[in-house]
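I set out to look up sheet pairing and charged side-chain contacts in this entry. My notes follow the model itself.

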Amino acid sequence: MSVQKVKTAAVLGSGVMGSGIAALLAGAGVRTYLLDIVPGNLAKGGDRNAIANANLKAALKARPAPFYSADDAKRITTGNFDDDLDKLADCDWVIEVVVENLEIKQALLAKVSKQVNDTAIVSTNTSGIDVDAIVEGLPAGFRSRWLGTHFFNPARYMKLLEIIPGVDTDPAVTQRVAELGRDMLGKGIVFAKNTPNFIGNRIGAYGMMYTVNRMLEDGLTIAQVDAILGKPLGRPKTAVFKTADMVGIDTLVHVAKNIYPAIPDDPQREAYRVPGFIEKMVEAGRLGNKAQGGFYTKKGGDRFVLDYKTGEYEPLDRPSFASIDAAKDVEDTAQRIKKIMTEGADEGAAFAWNVTAATLHYSAGMIPEISDNLVEIDRGMRWGYNWELGPFETWDAIGVAESVERMEKDGFGVPACVKKMLASGAKTFYEQRDDGLYYYDLVDGGYKLVDRDPKRISIPDIKRRSDGVVDSNDGATLLDAGDGVLLVEFHSKMNAVDANLVTMLDTAVEKAETEGWKGVVIGNHADAFSAGANLFLVFVHAQKKNWGELGEMITGFQNVNMRLKYSKVPVVAAVGGMALGGGCEIPMHCDRVVLAGEAYVGLVEVGVGLIPAAGGVKEMVCKFQAGIPRDVVVPPLNLVQKAFENIATAKVSTSGKEAIENGHLLPWQTRVVLNRDHIIQYAKQEVIGLHIAGYEPPERRKIKLAGGSAFAALVLGVDGFHRSGFATEYDVAIGQKLAKALTGGDIPENTLVDEQYVLDLEREAFLSLCGEEKTQARIETMLKTNRPLRN
């Protein structure tokens, strides 16, 4: 069966999950029907699509946004199950997302089977119901195209997509859905067996319930548990109970109660029993964030945490454990976990060990019941629960032989498959070899190669090649990406721009131009493409009044960005995650940009009392003038007003698509790819394509500055905000300098200048603002919070 693009899909069920999946499909360019039931007791002439319409409207208002762009909603057509099931005949993929009730699903799918065409894929988003039971008795041809596709909520943001083939599912259908999920929707695919709660929720729910019961046994508080089982152990900062509040405590109880009767032979079944205090919370409506109170709550501006012994809320303190605090500065997750587990000697380390050991034991014991290999379990927990390391990766980090000895001593026991692995001489679950990463097969024995995503260029793999590294310094590495393309990888803290990064960018272009390379890609695998300029260096220079050194630093960054823009070879940025401030200015100067669906792009310097100074102001002016013919007269203010608003409000896109809509990047120079893992590969293809087409650098053109009238109008607007109490006097001063850089200040309207003229205005404004005590104070505050600069 050939893999074809899905052009039309339908989502059956428009609740939070259904509308989220519909938004994801629409964001991928798929025309989507969103259907739901007809409202009960509908008045004559009433809206029969009211439920689907209301849920689509709610999705457009929801935060975080289910849509990459509000315009994506135009691809969604609402309807209902009574009037519109005939539309399924046009669909390539139908996804059922109705209530978790077997009889309701069976009745709906019986109708669906009579409407879909003979090639349509039909799947269920059930989180735990037997996939085969839903279509029992339906035609064999329909069952061959039927399977489970379990998206995690929220569908846009959670990487995991569990695929659960039924007993009759055509393997070609399974493969097609996997490729659609990965390539079209940007998901990480995990193949699960048709067992209760599949993989992610089977391990995740066990871990959650074991943690709660262990907390009660050890007498720890909710806040203490969250202090232990969050970032220090490579888990989300929301840890256990804050995550439960986000998901919904009623949902947690529902999952636990559903799985308990479904696993009569699970030796750890009793761990899924819901403690009485949580039952009482649900009865009292304490369901988490959606009910304004759960394990945590807010009163006024203060946070409170539940005392499960009394059932009352008490002020939230910040628990501290010496073992956890000692490991916080260890950046490598594996080393940090090992330090806590092997060196910690307090109750925090003991609790971390007990919960981890239980989870490791349970995960290994689930093979081959829920999966035949450990890779799927690790991926399920990393992609579905945002763990930095999966259970078996964690086990390797601690040390398998050492931890097995301790687990047996502490009474956890060790699954026979793990003992057998150690007896074979294997020491780790994973083993890195020259030709790739291998995992130990706990079913058949021996190591097997971990499957690779063919569209992902792996930077660690390039570095392992003897000829992979072309040049390197403390902040960046220049790599041979193959096919005559160079790749610049940033690796400073938060990929902040400093002299090392600037030097490597310059080196990359120099080598590409003089040594016959086809072009340059700028990209990395980090959470942030670049969080901006190194503000610590800016702060130090400003404190010491080293204006000459600071000016040279700015000029160097400006010069390298201009070199990127006018290089003799194509330069393409692959941007995923944050690209803020100086990290935004780099891709703004590239020939092409490949953006991940989750790309957060913006010029945010005003947050610390500065304005962009590496060409960001200049490029905003250029981009808002792009496409306007020279002989067309545009009112001066119209040329800069939107750019001014974006910079003055530190506007950051909430998606790759929005970065284009905001004007930071031009649509004809930018491609959005939903799978973050693929952006470097697509950027490389852009370089090769431009090279084959006979690349010529862009022509240097003068910029039309709006001049005095626009400058006055912008300053007047900022002053109005000040008079209304929405801006401080210092905000006005920053706004005035930004307005001058954008318009040229008091010069004739539509004055033509070269780019250096605006760069000089940027640098002048930046340096003058750095000399202000209020700017230095803002920078110092940002540095102390250790957070990236964003709005």
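**Sheet and salt bridges**

I looked up Tyr440 and found that its bridge partner in strand 14 is Tyr447. The model is predicted: local features need pLDDT of at least 70, side-chain atom pairs count only at pLDDT 80 or more, and totals for chains, interfaces and linings use all residues. Residues are numbered from 1 along each chain as its sequence is written, and side-chain values use heavy atoms, with hydrogens and water left out.

I noted three bridges between strand 13 (residues 436-440) and strand 14, which run antiparallel. Strands are DSSP runs of E of at least two residues, and helices are runs of H or I of at least four, numbered from the N terminus; two strands pair if DSSP finds at least two bridges between them. The open sheet has three strands in the order 12-13-14, with antiparallel pairing. Strand 12 (430-433) and strand 14 (447-449) are at the edges with a single partner strand each, so one side of each lacks a neighbour in the sheet.

I then turned to salt bridges (a side-chain nitrogen of Lys or Arg within 4 Å of a carboxyl oxygen of Asp or Glu). The count comes to 53. Asp372 pairs with Lys193, with the closest N and O atoms 2.7 Å apart. Asp372 lies in the loop between helices 14 and 15, and Lys193 in the loop between strand 8 and helix 7, so the pair ties together parts 179 residues apart in sequence. I also recorded a salt-bridge network that links Lys565, Lys618, Glu619, Lys623 and Glu755.
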